Amino acid sequence: CGYTEAGAMQFFLKRVNDEFEYKQYLPNKTIKKKGDPKVIDKEISGLTGEKLLEKVYEILDRHKDEFNRCKAILIEDDLDGRFHGKSENDISTYKADIVKRVRDILDNQQMKVFLLFASPEAEAWFVADWKHGFKALYESNSINDLRYSERQFFVHQLKQYIDQEVLGEYANDIEQYGFKDCVYYKLSDQLINVIGNDIKDYLLNNSDNAAYAKKISESRHLYYSKKLHGDRMMKSILPDVLEGQCRHFFRPLYYELIDFQDDNSETTE
C-alpha cells in the first residue's frame, strides 16, 4: 500500500495478462492538490503484512456485491523477510488461510484469489530487471545535470556496487535477500543510502575517472525516492524478465496469472 504501487500496479499487471481490467482498491488513488506532490491517505500509507490484510478484508466485506462481479481478487504485498525460516508447508498454509478468508467473506468458494508477493520488496524487481528498472531511470534525460556518458558510467558502477556490497551472495537470487547474521536489512533503505551517498563516496575515493566521479557526486538528481521514482520503474519493467530472475515467489504467480482466462470468453480452435 505504497507510492510504488499507486497507479502503476494495474499497468504492470496488464503486461502479464491483458485480457482483464484491473481495478485498484488499496490505495485506490492518491490525493493531490494543485502545486503539491501526490500523497496517500496517512491511514493506509505503507500498510503491509497483517495490517494490510485486515484492511483488505474490511474492504471486501464492505463491497461484497461489487467484488462478486469480478473474475478474481489479487492481493499484492512486499514480503520483507516474512517467510524467512518458514517451511514450504508453512508458506502454503499461510497462503491457503488468506484464500479461505477472502472466499468466506465473499460467500463465494469459487472465487479465484491471486497472491502476488514482492520479495523482499518491489525494489527487488527494479534491480532484477536492471535494464528497464534502475538503469533506465538513471540513464534517462531526467538526470539533466550529467552527460549521457557520465550517466552510463554511474549506472555501470552502481550495478557492480549493489551486487557486491549490498546483495553479496544473493546477487543471483535477489528474492532471498534480507537477513545477514540474523539481522534483517531492508532493501529499499539500503538502495536509498547507496544511491544517495555510498556509491558517490566510493567513486570519489576509488574511481580512476576523477572527473566523472566529481560530476556524479555533485549531481542533484542521483538519489532514490519511492514516492518519485518507484511508480516510474513499475511502469517500465518487464514481467517476462522478472520471471527469469525471481523464481521463488514471482515466477509461480506469473504463470498462474498468464494462464488465467475468462470462462465466458469465446475460444477458437
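## Cavity, pocket and packing in a predicted model

By the rule applied here, the count comes to 1 cavity of 30 Å³ or more. The structure is a predicted model, and every value below is computed from it. About 40 Å³ of space lies in this largest cavity, whose lining is made up of Gly-49, Leu-52, Leu-53, Ile-75, Asp-77, Arg-82, Tyr-94, Ile-98 and Phe-117. Helix H2 (49-62), strand E1 (72-78) and helix H4 are the elements that give two or more residues to that lining, and H2 gives the most, with 3 residues. By class, the lining of the largest cavity divides into 6 nonpolar, 1 polar and 2 charged residues.

Open space is represented by the second largest pocket, which has a volume of about 430 Å³. Of the 23 residues that line the second largest pocket, Phe-83, His-84, Ile-91, Gln-176 and Phe-249 are the closest to its centre. Helix H4 (residues 88-106) supplies the largest share of this lining, 4 residues, and the lining as a whole comprises 10 nonpolar, 8 polar and 5 charged residues.

### The chain as a whole

The chain contains 12 helices and 4 strands, and 45% of its 269 residues count as buried. Among the contacts in the chain with a separation of 6 or more, 73% are accounted for by residues 24 or more positions apart.

### Leu-115 and its surroundings

Leu-115 is found in strand E2 (residues 112-118). Because its relative accessible area is 12%, under the 20% limit, Leu-115 counts as buried. Leaving aside neighbours within four places in sequence, Leu-115 is in contact with Ile-75, Lys-95, Ile-98, Val-99 and Leu-253; of these contact partners, Ile-75 and Ile-98 are also named in the lining of the largest cavity. Asp-77, another residue of that lining, is 38 residues from Leu-115 along the chain, and the C-alpha atoms of Leu-115 and Asp-77 are separated by 8.2 Å.

Beyond strand E2, in the loop between E2 and H5, lies Pro-120. A cis peptide bond joins Ser-119 and Pro-120, with omega about -5°.

### Helix packing

Two packed helices are described by the angle between their axes and the distance between the axes. The table sets out two such pairs.

| Helix pair | Angle between axes | Distance between axes |
|---|---|---|
| H7 (residues 148-167) and H9 (residues 210-218) | about 85° | 10 Å |
| H1 and H12 (residues 250-259) | about 70° | 9 Å |

With an angle of about 85°, H7 is roughly perpendicular to H9. Ser-149, Glu-150, Phe-153 and Phe-154 in H7 meet Tyr-212, Lys-215 and Ile-216 in H9, and by class this contact has 4 nonpolar, 1 polar and 2 charged residues.

H1 and H12, at about 70°, are likewise roughly perpendicular to each other, because angles from 65 to 115 degrees fall in that class. Phe-12, Leu-13 and Val-16 of H1 make the contact with Phe-250, Tyr-254, Leu-257 and Ile-258 of H12. The residues of the contact of H1 with H12 divide into 7 nonpolar, no polar and no charged.

The buried residues of H10 (residues 226-234) are His-229, Gly-230, Asp-231, Met-233 and Met-234.

### Residues with greater accessibility

Asp-240 lies in helix H11 (residues 239-245) and, at 47% relative accessibility, counts as partly exposed. Asp-240 and Asp-129 are 111 residues apart in sequence, while their C-alpha atoms are 9.4 Å apart in space.

The loop between strand E3 (179-180) and strand E4 (183-184) holds Asp-181, and Cys-182 lies in the loop between E3 and E4 as well. Phi of Asp-181 is near 55°, a positive value in a residue other than glycine, and phi of Cys-182, also a residue other than glycine, has a positive value near 70°. Asp-181 counts as exposed at 76% relative accessibility, and Cys-182 is exposed with a relative accessible area of 77%.

Technical notes: Residues numbered from 1 in each chain as written. Predicted model: local features only at pLDDT ≥ 70, side-chain atom pairs only at ≥ 80, totals over all residues. Heavy atoms only, no water. 1 Å grid on protein atoms, 1.4 Å probe; cavity = no way out; pocket = protein on both sides within 12 Å on 5 of 7 lines; lining within 4 Å. Points joined across faces, edges and corners; volume = space filled by probe spheres on them. Nonpolar A, V, L, I, M, F, W, Y, C, P; charged D, E, K, R; others polar. Buried < 20%, exposed > 50% of the residue type's maximum accessible area, 1.4 Å probe, protein only. Contact = heavy atoms within 4.5 Å. Axes fitted to C-alpha atoms, helices over the stretch in contact; angles between N-to-C directions. Parallel < 35°, antiparallel > 145°, perpendicular 65-115°, else oblique.
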